[in-house]
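User: Can you take a look at this one with me? I'd like to go over the cavities, then a helix.

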Amino acid sequence: MKPSDRIVVVGAGPVGLCLSLALAQAGVPVCLIEALHDDNFLEQVPRAGTNHPATLEMLDRVGLYQRLEPRGIIAPLFHYWDRREGKLIAEFDHAHLGNDTRFPYVLQCERIKIVEEALALARVHPLIDLRLATTFERFEQDADGVTAHLRDPAGEAQSVRGAYLVSGEGARSIVRKDLDIEFEGFTYPDRTLNIEVAYDFRRHGYTERNYISDPDEWSNLFHWKGPPDRWRVHFPTRPDDDDAALTRPEVLQARLQRFLPTGKAFEIVNCNVYAVHQRVARKFRVGRAILAGDSAHVNSPIGAMGMNSGIHDAFNLADKLIAIMRGETDDGVLDRYERQRRHVALEHTQAQTMRNKRLLAEQDPAVRRRNHDELRRTAEDPALARTFLLRSSLIESLRQAEQIA
Ligand SMILES: Cc1cc2nc3c(=O)[nH]c(=O)nc-3n(C[C@H](O)[C@H](O)[C@H](O)COP(=O)(O)OP(=O)(O)OC[C@H]3O[C@@H](n4cnc5c(N)ncnc54)[C@H](O)[C@@H]3O)c2cc1C
């Protein structure tokens, strides 16, 4: 094997790791570069964590599902609530997808657990050359391959050669910027406040995943496995809110008490504030350089589609790179990757997460009533509920992508 027969993957997030495992398990060597190191790899801020059925099938393919299931919560149901009325609007049950997937539920299992388990598999795979504490700086490409320029743990400049370079670097992708690819879209003026609380909200009728509409302060409420078990509550902020003021303990407590008046202080485990973007790269591929995951698209977390669709990119791309490296096809197939996954990013992930936000934040009482009636009708009719769940779980996006030549 020549060094140039391998794939250089930048970023050991969920996307870079899933791609590396799928490639290596099919016999394709990988050099996986990650800036974080053993001491801080697991100290990343709370992020995604709802894994949809189609994603679970993919995680199973690389041996991750069985490692993650015991660390997560199986959640067949999700709820829409009307905060103003204090009422459950609709309950959706993934059991309607019994004939569509082997996993008719989501697994609530945080990104950090996924990267921890995937990293453990990557460390021991003989075809993965894992370089932690190594920063990717720039690259160049020619007719035969790519050269990635790195800064190693000692601060020395290094370079690695490969056949293709995949950017799994996340939203700030250097590869995307170096290729001058526009990240088209917008950033919402309001940011999201995430508070993690050790409190069992099920005693108030909530299920493991809840989307709560309110014209003044919509929210999301999700359950994560501990110890201690935690619930993540999302609230919108105003554009001029100051982070330090928003996250003062007494301010967090007051906000939680307005959401659910218990009269007793909540045990707050964690909190952070983050900006929310809707952006899709104009191109996902230039020659031998390819974007995947957040480096190619970012979206609002309402609906849990960011990490899921990134993992779907990884597996779509893995299959194409495997076929190329085995000499079964030429690399024109990478243009199909771009057509398929860009379509999904725009027409499914972005469109659906924007609809989700509008639904939760709707101000007009008549429109809210109409929306809620429609959700109720949909959840109560098995055929309509299945169609809704195929869309919300991204199965429909994968089926449509398969139709794209
Ligand atoms: C605060 C926050 C909250 C979120 N909440 C949700 C949610 O609730 N639901 C949801 O679906 N999505 C959510 N997301 C999005 C979700 O986390 C991402 O879609 C997902 O993590 C993307 O995976 P990725 O592997 O593409 O990139 P990342 O997870 O960002 O991983 C990129 C990796 O690349 C490494 N890296 C970056 N640059 C370099 C470099 N130059 N050299 C070497 N290594 C590098 C980074 O250290 C990192 O390990 C959230 C994101 C943020 C920021």
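Predicted model: local features only at pLDDT ≥ 70, side-chain atom pairs only at ≥ 80, totals over all residues.

User: How much space is in the largest cavity?

Analyst: The largest cavity holds about 80 Å³.

User: And which residues line the largest cavity?

Analyst: The lining is made up of His 52, Phe 78, Tyr 80, Arg 209, Tyr 211, Gly 303, Met 305, Gln 352, Asn 356 and Ser 392. Strand E5 (77–82), strand E15 (209–213) and helix H9 (333–361) are the elements that each give two or more residues to that lining.

User: How does the lining of the largest cavity divide into nonpolar, polar and charged?

Analyst: There are 4 nonpolar residues, 5 polar and 1 charged in the lining of the largest cavity.

User: OK, what volume does the second largest cavity have?

Analyst: About 60 Å³. Its lining divides into 5 nonpolar, 4 polar and 3 charged residues.

User: Which residues line the second largest cavity?

Analyst: Among them are Tyr 188, Asp 190, Arg 191, Trp 218, His 234 and Lys 357. Ser 300, Pro 301 and Ile 302 also line the second largest cavity.

User: Switching to H9. Where is the kink in H9 centred?

Analyst: On Ala 345, where H9 has a kink of about 35°.

User: What should the 29 residues of H9 span, and how far apart are its end C-alpha atoms?

Analyst: At 1.5 Å a residue, H9 should span 42 Å because it has 29 residues. The end C-alpha atoms of H9 are 41 Å apart, which agrees with that value.

Conventions: Residues numbered from 1 in each chain as written. Heavy atoms only, no water. 1 Å grid on protein atoms, 1.4 Å probe; cavity = no way out; pocket = protein on both sides within 12 Å on 5 of 7 lines; lining within 4 Å. Points joined across faces, edges and corners; volume = space filled by probe spheres on them. Helix = DSSP H or I, 4+ residues; strand = E, 2+ residues; numbered from the N terminus. Nonpolar A, V, L, I, M, F, W, Y, C, P; charged D, E, K, R; others polar. Expected span 1.5 Å × (residues − 1). Bend = angle between axes of the 7 residues up to and from the residue.
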